[in-house]
Amino acid sequence: MRSAPKITRKEIKMRQLPILYIVIPCYNEEKVLPMTSSMFLDKIKELVAKEKIADESRILMVNDGSKDKTWEIICKLAAEDPHYLGIC
């Protein structure tokens, strides 16, 4: 008879925490996106540290046809931290 795989307390707790998705519509936000994105990331990290939300929580930035460098900034952020996701 095979025994069940051992699950750590941290894994149990992580499974119970809600996953938060923050959706941010972005249109020509190149001037403010670096600042506002870091504010949202700080909040996600704070809530994860307090064990209020799971680390799988994400910031979803939706590029809405921007004419400036908004999409490039979103791509850079997503490459730097897995909490960021971008949709174009």
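This is a predicted model: local features need pLDDT of at least 70, side-chain atom pairs count only at pLDDT 80 or more; totals for chains, interfaces and linings use all residues.

**Entry: His 83**

I looked up His 83 and found it in the loop between helix H3 (70-80) and strand E3 (84-87). Is His 83 buried or exposed? His 83 has a relative accessible area of 7%, and the cut-off for buried is under 20%, so His 83 counts as buried. I then checked its side chain. It makes a polar contact with the side chain of Asp 55, at 3.0 Å. Leaving out residues up to four places away in sequence, I listed what His 83 touches: Leu 41, Ile 44, Lys 45, Asp 55, Ser 57, Arg 58 and Ile 59.

**Entry: strands E2 and E3**

I followed the chain on to the strands. E2 (residues 58-63) and E3 run parallel, joined by four bridges. Val 62 stands opposite Ile 87 in E3. The path goes from E2 through H3 to E3, a right-handed β-α-β crossover.

**Entry: positive phi**

Which residue in the loop between strand E1 (21-26) and helix H2 (33-49) did I note? I noted Asn 28. Asn 28 is not a glycine, yet its phi is positive, about 50°. Its relative accessible area is 32%, so I logged Asn 28 as partly exposed.

Glu 51 was next, in the loop between H2 and E2. Phi of Glu 51 is also positive, near 60°. I logged Glu 51 as partly exposed, at a relative accessible area of 40%.

Conventions:
Residues are numbered from 1 along each chain as its sequence is written. Side-chain values use heavy atoms; hydrogens and water are left out. Helices (H or I, at least four residues) and strands (E, at least two) are DSSP runs, numbered from the N terminus. Buried means under 20% relative accessible area, exposed over 50%, partly exposed in between (1.4 Å probe, protein chains only). A polar contact is a pair of N or O atoms within 3.5 Å; within protein, one must be able to donate a hydrogen and the other to accept it, and residues adjacent in sequence count only if both atoms are side-chain atoms. Contact means heavy atoms within 4.5 Å. Two strands pair if DSSP finds at least two bridges between them. A crossover is right-handed if, with the strands pointing away from the viewer, the path from the first strand over the helix to the second runs clockwise.
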